Amino acid sequence: MKSALPDLVAHFRYRHGFFRREEVHARLYELDSFGCVMKTDKPFEPGDTVTLDLVMKMPLDDIWAKGISGLVTEKRKHCSNFFYSIDFIQPDSNENSPLSEKLRRIREVLYKKQTLRSRRAAGPTTWSRQTA
């Protein structure tokens, strides 16, 4: 599996019993307009629904996309954790909704961060070859 996406975390509430709930923070490993891949130690089964808040950490103000409903479609075990493929449930197909705009913004910032990190990782060696 690839490494975790930079500065992107999913928050959700996990119920332990009738009265006990836990706030869980999980790393994301993939994100697109249709869903995501999340890694956590909390047990879910395919067919379960989960409500996520995606948070993109930024220097001044974080970007929050709250209340994203998702359907767990796949479960893969990795050591003591699980990777879950989650398909987003779109109650309305309105591309201009505030939630769709927040998700689009998070994907744009994520793409820019990944591009910058890949340039930094490959930067000095390719630059020295070009100048030689």
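Visitor: Are Y29 and F83 buried or exposed?

Guide: In this predicted model, a residue counts as buried when its relative accessible area is under 20%. Y29 is buried, and F83 is too.

Visitor: And how do their two rings sit against each other, stacked or edge-to-face?

Guide: Look at the angle between the planes: over 60 degrees counts as edge-to-face. For Y29 and F83 the planes make 90°, with 5.1 Å centre to centre, and the pair is edge-to-face.

Visitor: How many aromatic pairs does the structure hold?

Guide: Five. Another one to pick out is Y14 with F44: the planes stand at 90° with the ring centres 5.8 Å apart, so this pair is edge-to-face. Y14 is in strand β1 (residues 8-15), while F44 is in the loop between β3 (35-40) and β4 (49-56), so to speak a link between distant parts of the chain, 30 residues apart. Both Y14 and F44 are buried.

Visitor: Which residues do ring pairs link into a cluster?

Guide: Follow the pairs from ring to ring and you get F12, Y14, F44, F82 and Y84.

Visitor: What lies over the face of F82?

Guide: For a charge over a ring, go from the Lys NZ to the ring centre; within 6 Å is the distance cut-off. Over F82 you'll find K75, at 4.6 Å from the ring centre.

Note on methods: Residues are numbered from 1 along each chain as its sequence is written. This is a predicted model: local features need pLDDT of at least 70, side-chain atom pairs count only at pLDDT 80 or more; totals for chains, interfaces and linings use all residues. Side-chain values use heavy atoms; hydrogens and water are left out. Rings of Phe, Tyr and Trp (its six-membered ring) pair if their centres lie within 6.5 Å; planes under 30 degrees apart count as stacked, over 60 as edge-to-face and the rest as tilted. Helices (H or I, at least four residues) and strands (E, at least two) are DSSP runs, numbered from the N terminus. Buried means under 20% relative accessible area, exposed over 50%, partly exposed in between (1.4 Å probe, protein chains only). A charge sits over a ring if NZ of Lys or CZ of Arg is within 6 Å of the ring centre and within 35 degrees of the ring normal.
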